[in-house]
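Visitor: I am new to this structure. Please take me through one part of it closely.

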Amino acid sequence: KLKKPLSIEYIFDRIDTDDPIWGLMVRTDTPVSFKGRPSNLKASPLWKRGMLQGFITMTTFTNWQSSFRFDSLHEMAFGQDDDELEEQMKNGIRKYDEDGSLAEELEASVKGGNPHIEGIVYPRIAEVSLFGGLGCGKQLLRLLVEHLERLKATVLHNYDYIVLQATENSIPFYESMGFVRVGCVQGKTPSPNKYHCSPVEEYHTKKHGETPASVAKDFGVDAWDVVFLSKPLWPELVQKSWLKKGTKLFVPKLRAASKAGSADAKSTPTSPKWYMAEENETPRGIAKKFNVDFSELLQANKKRYPDLVGNSRLMPGTRIQVSRFDIDEGNSIAYSHWTFPDAADEEDDDPSYMMALKLDRKKGQEAKVKPVADSLAVTMQPYVPEATGVKELLLQTEAPKATRLAPVFTGKKPLKEPKKPKRPMSSYAHYTVEARSSMTVQLQGKSIVEINKILSEKWKAMSDEDK
């Protein structure tokens with residue numbers, strides 16, 4: 001996913017699956033002069049009104065791995081980087097979540113869903129799902145961020161962050177727009193077919209007339225988070241729903257703890273995860289330096305250094321773990337976006353380069369000011385194929401003929417660069433293409449998650465020779 005551009009199959013899957021989906025597009029219009037009148041300039045014979053120049057779509061971040069977590073300090077988060085990328089990370093060329101604070105904020109946001117049905121949904125995290133542009137990319141992304149920062153909160157979208165997966169060539173562009181790389185990991189085992197959500201606290205209303213909004217206020221959390229987490233119990237629930245005494249609600253546990261100032265609240269780490277030892281330092285001395293439990297530090301590092309003891313004299317540069325001893329990192333791999341519950345280990349699933357940006361939410365009068373949208377030469381309009389010239393463009397039967405220009409004499413024949421071989425499709429990719437066409441009847445009416453599950457099961461049942 002990092003080195004190759006998005007495939008047409010991936011684009012179709014995103015458009016079919018993303019819910020909700022919102023986006024912008026840029027299309028050519030009739031050329032006009034600086035004074036706003038139709039231009040006298042003769043357009044290129046290849047130019048037509050309604051041609052697509054750029055597009056961007058977004059949705060609510062969803063994944064199909066119940067073991068997924070945002071974690072920039074996890075040993076495997078960036079553990080599968082190639083040598084070149086690893087060197088860029090070490091030298092500070094690439095921008096990433098060095099202290100793990102951004103990943104921790106993302107992981108603390110509410111989530112819920114069944115990975116085998118609708119997926120695990122993060123209503124506070126938006127995702128750029130599809131994006132491309134010819135000279136208008138920055139403006140499209142700025143317009144999207146401006147829209148999200150001013151979007152009124154609902155139970156399905158209450159965005160504080162925006163994430164995306166970047167291809168290799170797009171990384172510097174996203175960094176220039178404020179995005180940084182964030183670590184993500186997932187488990188190696190398939191996700192169970194059951195509802196999964198962020199930690200919650202069960203609450204029963206103590207009197208008639210309580211509402212999700214009043215309960216959220218008492219716990220110091222967002223009312224929309226209470227509504228989202230309680231939706232499986234009460235599908236029609238809204239912020240001001242009048243509740244009977246004894247009604248069960250789910251309140252986000254970690255957010256409630258942090259608002260109340262609880263000692264076990266999740267907080268930004270005060271110490272780094274790793275420490276490079278100086279010459280002749282000992283594990284016992286390092287534990288004292290970072291004020292952590294010596295036995296926990298020793299146990300965490302014995303996996304790497306089996307003979308380690310409290311008074312071991314360490315060589316300079318020895319990597320010692322000094323925090324996060326409660327997280328088991330042994331059964332995790334780098335996250336691959338858009339993998340489904342039973343297909344986490346397929347051969348085509350390369351680790352994804354995930355990036356994130358924290359939004360600056362606007363409210364009240366401030367939300368009405370839209371400097372990026374107001375700076376456009378023309379106002380944004382709802383997409384109507386007839387009004388934009390797209391319908392006429394699509395119904396066109398003959399391609400326009402380009403005007404032949406007189407050749408320029410240079411004195412020597414230019415050398416042509418030989419065509420480079422394309423990367424071949426994997427056997428699994430060939431299989432899915434053939435299976436989709438031959439199983440049209442069986443797959444008709446099924447969701448993308450169900451289709452991928454069926455294909456994955458049939459693939460695993462095939463012999464090595466058939467594969």
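Visitor: Is Leu164 buried or exposed?

Guide: Leu164 is buried, and its relative accessible area is 1%. (Buried means under 20% relative accessible area, exposed over 50%, and partly exposed in between, with a 1.4 Å probe and protein chains only.) The model is predicted: local features need pLDDT of at least 70, side-chain atom pairs count only at pLDDT 80 or more, and totals for chains, interfaces and linings use all residues. Residues are numbered from 1 along each chain as its sequence is written, and side-chain values use heavy atoms, with hydrogens and water left out.

Leu164 sits in strand β6, residues 161-166. (Strands, E of at least two residues, and helices, H or I of at least four, are DSSP runs numbered from the N terminus.)

Now its surroundings. Setting aside neighbours within four places in sequence, Leu164 touches Val128, Tyr174 and Phe179, and also Tyr353, Met354 and Met355. (Contact means heavy atoms within 4.5 Å.) Met354 is 190 residues away from Leu164 along the chain. Yet 5.8 Å separates the C-alpha atoms of Leu164 and Met354.

Follow two of those contacts onward. Tyr353 and Met354 both line the second largest cavity. (On a 1 Å grid over the protein atoms alone, a cavity is a set of points where a 1.4 Å probe fits but cannot get out; a pocket is an open set with protein on both sides within 12 Å along at least five of seven lines; lining residues have an atom within 4 Å of a point.) The volume of this cavity is about 40 Å³. (A volume is the space filled by probe spheres set on the points, which are joined across faces, edges and corners.) Ser352 is in the lining too, as are Ala77, Phe78, Arg181, Val182, Gly183 and Cys184. By class, the lining has six nonpolar, two polar and one charged residues. (Ala, Val, Leu, Ile, Met, Phe, Trp, Tyr, Cys and Pro count as nonpolar; Asp, Glu, Lys and Arg as charged; the others, Gly among them, as polar.) In total, the structure holds three cavities of 30 Å³ or more.

One more step, to a sheet. Strand β8 covers residues 184-187 and runs antiparallel to β14, with three bridges between them. (Two strands pair if DSSP finds at least two bridges between them.) Gly187 has Ser332 of β14 as its bridge partner. The sheet is open, with three strands in the order β3-β8-β14.
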